[in-house]
Each structure stands twice: as C-alpha cells, then as structure tokens.
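This note is intended for a colleague meeting the structure for the first time. Please read the numbered points beside the model shown here.

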Amino acid sequence: MTNRRDVLEEAIVTVAEREKSHGDAETFANNLAEIWSITTGVKIPAWKVLLMLGQLKDARIISGDFTHDDHWVDGCGYRALGCEIANL
C-alpha cells in the first residue's frame, strides 16, 4: 500500500469486516469505555477509547514496526469511528 487513497479505502473495508465479525463498533467502544472507566476510576467516553486504540497503533509504529500496513490502516479506522461516535 503506497498511497493515502489505498490506506483509507482499506480502512473502510477493514472496519466493515470487523463489524461483521465483532459486532457494532459503537457498542464495543461503549462497553470498553465502561470497563476502562471502572478500572481507572475516571469516566472515559467511547470516542476517547477509539482515540486511545489509534494511539496503540501509533505506539507500534513508533516502536519500529512502521512498515506493517495494518497499524496505519487500523489507526485510520479507529479515528474514523471515533469521529463518527463523537458526532463530528
């Protein structure tokens, strides 16, 4: 994958495929937000969960795995879902 259009198109496909296999993304983000909020004692909204999952992918890229397309694609997907859930 060498251009932005390919990365973004792959992110669209990936998000759709994962929603089929893992269920509704907003439900997942809300469930994880609730779990993380209980764990940390700090209220975490669902859109921040998706932002943090994107940051997980950033950390993997920074750690030296920058040639693995999955990290770039997933980061775009998490941020797009976060934007959608935040109603931006």
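1. Leaving aside its neighbours within four places in sequence, Thr-14 is in contact (heavy atoms within 4.5 Å) with Val-73 and Asp-74. Thr-14 lies in helix H1, residues 4–22; helices here are DSSP runs of H or I with at least four residues, numbered from the N terminus. Thr-14 counts as buried because its relative accessibility is 9%, where buried means under 20% relative accessible area, exposed over 50%, and partly exposed in between, with a 1.4 Å probe and protein chains only.

2. On the basis of the model: it is predicted, so local features need pLDDT of at least 70 and side-chain atom pairs count only at pLDDT 80 or more, while totals for chains, interfaces and linings use all residues. Residues are numbered from 1 along each chain as its sequence is written, and side-chain values use heavy atoms, with hydrogens and water left out.

3. Helix H4 has 17 residues and reaches 24 Å from its first C-alpha to its last, close to the 24 Å expected at 1.5 Å a residue; the expected span is 1.5 Å times one less than the number of residues. Its buried residues include His-71, Val-73, Asp-74 and Leu-81, and the buried residues of H4 pack against H1, H2 and H3. Asn-87, which follows H4, has a positive phi, near 60°.

4. Which residues does Asp-74 pair with in salt bridges? One partner is Arg-18, with the closest N and O atoms 2.8 Å apart; this pair joins helix H4 to helix H1 across 56 residues. The other is Lys-57, at 3.0 Å between the closest N and O atoms, which ties helix H4 to helix H3, 17 residues apart. Both Asp-74 and Lys-57 are buried. A salt bridge is a side-chain nitrogen of Lys or Arg within 4 Å of a carboxyl oxygen of Asp or Glu.

5. Arg-18 also forms a salt bridge with Asp-70, the closest N and O atoms being 3.6 Å apart. Arg-18 counts as partly exposed because its relative accessibility is 34%. Shared partners join Arg-18, Lys-57, Asp-70 and Asp-74 into one network of salt bridges.

6. The largest nonpolar core has 11 residues, among them Ala-25, Leu-50, Leu-81 and Ile-85; such a core is a set of buried Ala, Val, Leu, Ile, Met, Phe, Trp, Tyr and Cys residues joined through side-chain atoms within 4.5 Å. Helices H2 (25–40), H3 (46–62) and H4 (69–85) each supply at least two residues of this core.
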